[in-house]
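Work through the exercises below with the sequence and the 3D structure at hand. Each task is followed by a solution in steps.

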Amino acid sequence: MSDIGVVGAGIVGLATAYAARARGATVTVYERGVPGNGQSGGDSRIFRHAHADPRLVALAVEAKEGWRAWEAELGTELLVCDGVVVLGPAAGDRLGVLEDAGIDARLVDDATDWLPILAPRAAPSAVGSSGAAAGPDAISGLVDPGGGVIRTRAAVAALARSLGEAIVADEVLAVRLLPSGRVEVRAGGVTVEHDRVVVCAGRGTPDLARGAGLDIAVRESVHVRLTFALRDGPAPRLACVLDTEAGAYGDPLPGNAHYAIGIGDTDQPGLAAEAERTVEYVARRFPGLEPEPVGVRHCWVTELPWGHDGIGVWEAGGASFVAGNNLFKHAPALGAALAADTLRVDLRPTAQFGAGPSRGAPRR
Ligand SMILES: Cc1cc2nc3c(=O)[nH]c(=O)nc-3n(C[C@H](O)[C@H](O)[C@H](O)COP(=O)(O)OP(=O)(O)OC[C@H]3O[C@@H](n4cnc5c(N)ncnc54)[C@H](O)[C@@H]3O)c2cc1C
């Protein structure tokens, strides 16, 4: 039976440990903080098929099966597929990639049928069956009906519960390859050898990789996502949204009474201005949301040079180091790939998995 050490109990580390244990391995997960409180923190993430790189579309398909398997195994709802609406110039391009992959996706004349909070608030007599105004106010877009929102807290909690005492509260300071081929973890209170170590430390991954002689170039920035209440109370169904013109996204929180919106990434001094820009955007674009935010999520973003959705896994002997952005939706598939004895070749950095548009330099 192999013995695997996993550094980090964010969604990727938890998924890796869960998959490794399902393969019969003994697992230890080292977490220096609270599981799921790093980049995986908060109440929701978008699950979308729509990506620029067809390999990401295929990974999302694989991951969706994984989410459904987790729901069955862990006994809790994790993925609510009320659709994802893509607005703006990339909608047409994404349609082609999705059609090539055999994903059900379509252009719609009125995306407000899927997301009524986009619609101008109509006088009662003008409200249609969807609650949205019709006619000249219609907003066209692409709909990915099989996409939706991930119940992130439920996912982290269920995986952490399942792993139980395999998660140890400790900070890893160094990961070292031993002449024997085994991998040493030096954590705060212990020095332990494992057959393999998988580093899923989010923002902490490049530091640990450097200690093992690997240079992972990650562009770090910070991000703010604000939460707004729906003006008319909870909606029965709410799609997620990607506005490719504004570079914004949004998703419903559990209960559908609140909606979270984020726009760009920035540097630390720019966070306050980015929050203001988000409030202005919501006032302009989402008439169905109250204009004052009621919640906030600040977080680090780690982007690889080949694209905003890029993913890569660096290997040195029995140690692997994963880096990338927008990993949450892919976690079941990514965890299975990281737990396998041999890494699939397309996740090696040379393959530039997830190549596509980058957000560019941090902006205020
Ligand atoms: C607001 C927001 C919105 C997002 N939207 C989406 C979305 O819609 N869809 C999507 O797919 N993705 C989205 N993402 C990105 C996604 O959430 C992240 O890519 C994903 O959560 C990263 O998970 P992770 O496990 O790699 O990292 P993390 O969750 O950061 O986990 C890493 C863990 O490692 C621990 N750690 C670090 N160093 C050490 C050490 N030396 N020793 C021990 N422990 C250590 C940390 O404490 C942390 O818990 C979003 C992110 C944010 C913040």
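**Exercise 1.** Find the residues that stand opposite Val85 in S7 and in S15.

Solution. In this predicted model, Val85 stands opposite Val143 in S7. On the S15 side, Val85 stands opposite Val241. Next, take the pairings themselves, where two strands pair if DSSP finds at least two bridges between them. S5 (residues 84-87) and S7 (residues 141-144) are antiparallel, with three bridges. S5 and S15 (residues 240-243) are parallel, with four bridges. Strands are DSSP runs of E of at least two residues, and helices are runs of H or I of at least four, both numbered from the N terminus.

Residues are numbered from 1 along each chain as its sequence is written. Because the model is predicted, local features need pLDDT of at least 70 and side-chain atom pairs count only at pLDDT 80 or more, while totals for chains, interfaces and linings use all residues; side-chain values use heavy atoms, with hydrogens and water left out.

**Exercise 2.** Describe how H1 packs on H4.

Solution. The axes of H1 (residues 11-22) and H4 (residues 152-163) come within 10 Å and cross at roughly 40°. Axes are lines fitted to C-alpha atoms, for helices over the stretch in contact, and angles run from 0 to 180 degrees between N-to-C directions. The two helices are therefore oblique to each other; under 35 degrees would be roughly parallel, over 145 roughly antiparallel, and 65 to 115 roughly perpendicular. Contact means heavy atoms within 4.5 Å. H1 contributes Ile11, Leu14, Ala15, Ala17, Tyr18 and Arg21, and H4 contributes Ala155, Val156, Leu159, Ala160, Ser162 and Leu163.

**Exercise 3.** Which residues of H1 meet H2, and at what angle do the axes cross?

Solution. The axes of H1 and H2 (residues 54-74) come within 13 Å and cross at roughly 70°. That makes H1 roughly perpendicular to H2. Ile11, Ala15 and Tyr18 of H1 meet Trp70, Glu73 and Leu74 of H2.

**Exercise 4.** Give the strand order of the six-stranded open sheet and identify its edges.

Solution. The order is S9-S2-S1-S13-S20-S19, with mixed pairing. S9 (167-169) and S19 (311-316) stand at the edges with a single partner strand each, so one side of each has no neighbour in the sheet.

Note on methods
Buried < 20%, exposed > 50% of the residue type's maximum accessible area, 1.4 Å probe, protein only.
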